Amino acid sequence: MYKRSQILPLVFLAATLAGCSAAPDGTLINDPYEGANRRVHDFNTGLDKALLRPASEVTEALPDALTDRVVEFADNLALPGMVVNGLLQGDLEGAISNTFRFVLNTTIGLGGLFDPADEAGVYEKTTDFGQTLAVWGVPEGAYIVLPFLGPSTERDTAGLLVDFAFDPLQFLVPVEAQETQPYAFVGKKVISRGRFGSTVDSLLYESADPYAQARLLYLQNRRFDLGVSVDSSYMEGGADPYADPYADPYGDFVDPYEDF
Amino acid sequence: MTPAIRRRSFLLLTGAACLPGAAWALSGSEARSLVDLLVADINAVIASGKSEAEMIKDFEGIFDRYADVPIMARYALGADARSASAAQMKAFTEAFRTYISAKYGRRFREFIGGRIDVQGESAIPRGVQVETMANLRGQAPFRVDFHVSDASGKALFFNIIIEGIDMLLSERTEIGAMLDQRRGDLDRLITDLRAL
């Protein structure tokens with residue numbers, strides 16, 4: 001898919017990105033590029049309104065039996081990359097279960113169109129190179145909103161580039177199958193937008209500050225996935241960066257129950 | 001010493017005197033039984049076969065019964081709660097109650113066709129965290145944690161964490177942004193929240 005000469009600059013870029021703007025530990029939100037990010041967020045919202053949302057209404061009207069095939073096919077193509085990342089992280093168990101999923105779903109699941117592994121209770125251990133970088137100790141970096149792709153961080157953007165450039169899928173399946181990957185990816189994106197339609201709508205179109213909500217949601221959920229401590233503000237004492245007196249709903253300095 | 005602390009100490013002392021052997025803090029099993037009831041109610045609504053609109057109405061009622069709304073309202077308002085009058089706080093709390101139960105009641109609709117299972121509980125500084133797994137149709141199971149406290153006088157949940165996403169933090173961000181849009185005018189926010 002890519003020649004080595006094309007890959008090296010990408011890796012260099014990734015390494016540079018991952019290296020910059022380290023935030024102090026435990027900072028909830030590190031968003032020095034907020035102005036630019038907000039413009040990209042608006043662009044993405046425009047895209048959602050014009051294309052993604054209308055398209056998702058079409059896929060949502062289709063039977064699940066059909067759309068499930070697209071989602072499961074796309075998920076299956078992502079598995080080899082997850083296996084490699086699992087190994088790079090020393091997560092042998094995850095790598096093995098994702099390998100099992102890939103083999104089972106590609107064969108019995110007819111090229112990944114079906115997901116017999118899920119039915120057997122072997123779920124995807126979702127991972128990527130952004131997580132690998134996190135395991136290796138690379139700091140999260142600043143929050144970034146990517147055009148088309150949405151919320152990310154500097155570390156996750158670097159991970160995305162590496163995953164894209166080094167996808168082991170190119171060694172495993174014929175070129176024709178590889179070429180379907182972008183379509184499967186976009187298809188899955190549209191279908192997922194339809195399935196979580198009302199939740200996404202309430203975030204993007206009903207919130208007072210959709211940008212701030214999306215940022216908070218992404219960072220918290222991403223840290224949860226990476227296994228970073230996401231203890232709530234009132235759960236930790238002194239080390240808590242976003243603690244202010246009112247961060248503690250049951251602090252002793254105010255007692256909301258006094259009025260009742 | 002603030003009146004609140006004094007009152008608490010008093011309660012602590014009388015509590016200890018009246019109920020020898022009884023723990024002052026909320027126990028894990030109490031918190032868990034609250035969430036068991038809550039989850040049973042949610043699952044019952046899901047299985048009721050009512051129309052979606054009726055289910056959302058039922059979910060609103062559930063939220064209202066099991067959530068510690070005053071403390072959530074105060075947290076969501078953040079530092080602005082400091083300058084609010086008692087009357088404003090009362091009005092805001094009631095407006096917030098309507099807003100929050102409608103918003104999350106609607107969100108519970110995603111659970112239609114699914115199931116929630118209580119997994120276990122652990123102590124947190126402000127009460128008990130009850131961990132559950134949500135098994136929704138066509139999705140890998142995901143974690144939903146309820147934070148429970150009895151500071152209101154009875155065991156109620158005051159926060160929900162879905163896959164790391166903290167509901168109280170989201171609402172503080174949201175209420176803060178709404179207040180900014182209204183140039184910090186709390187009375188206008190209260191009026192608008194009621195209408196949402």
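Predicted model: local features only at pLDDT ≥ 70, side-chain atom pairs only at ≥ 80, totals over all residues.

Trainee: In what order do the strands of the open sheet in chain B lie?
Mentor: Strands of a sheet pair through backbone hydrogen bonds, either parallel or antiparallel. Helices (H or I, at least four residues) and strands (E, at least two) are DSSP runs, numbered from the N terminus, and two strands pair if DSSP finds at least two bridges between them. Here 5 strands of chain B follow the order β1-β2-β3-β4-β5, with antiparallel pairing.

Trainee: Which residues have the most contacts inside the largest nonpolar core?
Mentor: In soluble globular proteins, nonpolar side chains tend to be buried together. A nonpolar core is a set of buried Ala, Val, Leu, Ile, Met, Phe, Trp, Tyr and Cys residues joined through C-beta atoms within 7 Å. A residue is buried if 20 or more other C-beta atoms lie within 10 Å of its own, exposed if 12 or fewer, and partly exposed in between, with C-beta atoms placed from the backbone. The largest core has 57 residues, and Met72(B), Val148(B) and Phe157(B) have the most contacts inside it. Helix α2 (residues 28-47) of chain B gives the most to this core, with 8 residues.

Trainee: What is the reach of helix α12 of chain A from its first C-alpha to its last?
Mentor: The expected span of a helix is 1.5 Å times one less than its number of residues. Helix α12 (residues 210-225) of chain A has 16 residues and reaches 22 Å, close to the 22 Å expected. Its buried residues include Tyr211(A), Leu216(A) and Arg222(A). Just after α12(A), Gly227(A) has a positive phi of about 75°.

Trainee: Which loop holds Phe148(A), and is that residue buried or exposed?
Mentor: Phe148(A) sits in the loop between β1 and β2 of chain A; its phi is near 70°, a positive value in a residue other than glycine. Phe148(A) is exposed because 11 other C-beta atoms lie within 10 Å. Glu163(B), in the loop between β4 and β5 of chain B, also is not a glycine and has a positive phi of about 45°. Glu163(B) counts as partly exposed, with 16 C-beta neighbours inside 10 Å.

Note on methods: Residues numbered from 1 in each chain as written. Chains lettered and ligands numbered in written order.
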